[in-house]
Structure formats: structure tokens, C-alpha cells
Amino acid sequence: MALIPQNHLQLIVEVGIILYAAMIFLLNLAPISLSLVLFICIVLGIGFNVIFGLDVVALFMSFGQSEFTHPFGPIALLAAVSSLSALAIMEDVGVDTGGLRGFVYILMLGITVFGGLMHRSFLLLWLLGLMVGLFLISKSMRSRSIITLKRVAAFALVAVAGFGGLELLSRILGMPVLSPLLRLERLENFSVPSIKMVIKNTTLLGHNPMSSYWGELSRGFADGYISLPLQLILFFGLPFPVFYGILVNKKDVIDYMVPGIFGWAYDFGYVTLVFLLIWCMGIIILGLRVLSMYREKREKGVRSYLGREALLTGALAAFISQAIIGLFIINRTINGTALLTFIFLSSLIFANSFGLKE
């Protein structure tokens, strides 16, 4: 394969290889202490509150919102769950974390409110990721799981109340952009026809070229419906088909209105989709295995991997949540810059399997 990528899929694979190699090097360059992980996660939590909050202000002022929740939502989730994991580990060794835990909860509340106001898909990713993270923490600490039927029901009620509050707020302020019902209607109007088109025109190795936006100029493979950030492609001057201002009424049909499994199958074919699913499952299984090894080390009194354990817990929760939401609900969650985030999280999980002494 040429070093210079010839299409979007080759670019995704090559960037993934670079990220994996870099993360293995960085994660094993120096010991990662628990206090360092907690400090970085708290700084990230503060930063995400600021940028998500500014994005909400821009939304209400009707100018220049950047929609940071799509690319950075999973990183915010990584920071939140890693913080909770670090606090749990500290408490396990007898450190009082009362004040810190309260501050982390405040940061999480801010992210929930600001991110939920921007995108309902972020709210789903955030709540699911927190549930997965809390479950992983309870298993790692061998404590009674806090995920019970009553609490799941309470989470569901909170989610319903949140969506209901957004709908009420949208009507009071006359801002349809906040309305969950409007988004559901939009999905209903566009998703079903889009899915039918995708299923009808998808092949093992791509799609029917004439069904693509590019028409007869299409190669029937890697037309740019699934891609890394446009800025990255333009920066390297790669001769790929890219979408500009036609995003909303053209690419959106695949990029936004269908679950990721349909978007990936359409652009790269069913064979690539199968490999993607196998890769996702492999990363999750590997991460869970390494996490159990970290727990065994901690229980034997080894303190060298506490920071990595907290970081891996957050990365696993974020990756699992992003994979579920992106692949089965909304493609935008693992496309564009969010795809770069997705690869980064997987590389962080994979890198934890190196430098671990039996």
C-alpha cells in the first residue's frame, strides 16, 4: 500500500496506525500517577464546561456555535469517568476525597446541562457512558454494583424529564432548535428513506456509484460520507472527494440521518463494516482483560498501575458509549473529528496492554 493514502479509508487506517504507535510510546514513556490523572481530568472537566457553556451562549445568541459536543463529548466522558475511578481508588487506600468528589460532581452537572442543551445525542452518549463507567468502577473495586433496576429507572426518568424540559424551553423561547420532538420528526422524515436507499445500493465492497452525490464521478467506494476532519484532508492536500457547504442537504442523508453501521457499509461496503465491528469488539475485550489485570495488581499491593487503571476505566466507558451511540443510533458521533476521537480512545485502550508486567 502506498504511504500516501489514495482514499478516505486508507487515510483512516494510516492515521490510526500513527495514533496507536504514538500512544504506546507516550503511555509507557513515564509512570502515570493517580494524582496526575485526577489533576488532568479535573482540568479537562473545567475546560469542557467553559467551551460547552460558550457554545450554548452562541446557540442562544444565534451566532457561530461550534458544536464541540460531537468531537469532544467522548473526551469529556473519559475525563469524568476517570475522575470517578481515581476517587474510588483513593478511597480504597484510605484517602479522604469528600471535597474533591463534590467538585467533580459539580463539573459533571455542568457538562450534562451545557452538552444536553446543545445535542440530544450527546445526552444519550453521556448518560450511557456514565452508567457503563459506574458499572466498571464497581466491578474493579469489587463493591456492590450501584447499577440497580431502580437506579436505571431513575436514570430513565431523569432523561425523559430532561427531554421534556428541553421541549418546554424550546416552546417558551420560540427556539425550535432546542426541540427534541422536532429532531425526532426530522429523523423520521429522513432516516427511513435514507436507510432504504443505503440498503438498496450497498455492496460487499462499497455502493452503487450512481446512488452517490458524485454520480458518474463516484468510484463507488470511499466517497467521503465517512471521513476524518475536513481540515486534516485539506492540510495535507489529499485529492479526495470532500463535502463543503452541501453538508446539510446532501451528505447529511448518510452522515447524520442513519446509524453508523449503515453509513460505514454504504461508503466502504459490508466487508469493511464486518472488520469494523470485529475491531470494536476486540478493543473492548482487550480493555476489559487489562482492567482485570490492573485490579489484580492493586489487590496484591502493587501501586504502579493505579493511574493507568483509572485512565483505562474512563477510556473504556467512553469508547463503549461512543461505539454504541455512533454505530447504532447516529453516525455523526463517529464521523469527522469525532472519528479521530474514536480512534484516539481505542489507541489509549490498546496502549494499556503494553508495559504491563505479569
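Buried means under 20% relative accessible area. The views below come from a predicted model.

View 1. S85 is a residue of helix 3, which covers residues 69–92. Its relative accessibility is 4%, so S85 counts as buried. Beyond the neighbours within four places in sequence, S85 contacts I137, E309, A310 and T313.

**View 2. Salt bridge between R101 and E91.** Two salt bridges are counted in the model, and the side chains of R101 and E91 form one of them, with an N to O distance of 3.1 Å. R101 belongs to helix 4 (residues 98–118) and E91 to helix 3, so the bridge ties together parts that are ten residues apart in sequence. R101 has a relative accessible area of 18% and is therefore buried. E91, at 38%, is partly exposed.

View 3. R298 and E309 are both buried.

**View 4. Packing of helix 2 against helix 4.** Helix 2 (residues 34–61) packs with helix 4 at an angle of about 30°, and the two axes are 9 Å apart. Angles under 35 degrees count as roughly parallel, so helix 2 is roughly parallel to helix 4. The crossing of helix 2 with helix 4 is left-handed.

**View 5. Residues in the contact of helix 2 with helix 4.** On the helix 2 side, the contact consists of L38, I42, G45, I46, F48, N49, F52, G53, D55, V56, L59 and F60. These meet L100, F103, V104, L107, G110, I111, F114, G115, L117 and M118 of helix 4. By type, the contact residues comprise 16 nonpolar, five polar and one charged.

Definitions and conventions:
Residues numbered from 1 in each chain as written. Predicted model: local features only at pLDDT ≥ 70, side-chain atom pairs only at ≥ 80, totals over all residues. Heavy atoms only, no water. Helix = DSSP H or I, 4+ residues; strand = E, 2+ residues; numbered from the N terminus. Buried < 20%, exposed > 50% of the residue type's maximum accessible area, 1.4 Å probe, protein only. Contact = heavy atoms within 4.5 Å. Salt bridge = Lys/Arg side-chain N within 4 Å of Asp/Glu carboxyl O. Axes fitted to C-alpha atoms, helices over the stretch in contact; angles between N-to-C directions. Parallel < 35°, antiparallel > 145°, perpendicular 65-115°, else oblique. Left-handed = near helix turned anticlockwise from the far one by under 90°. Nonpolar A, V, L, I, M, F, W, Y, C, P; charged D, E, K, R; others polar.
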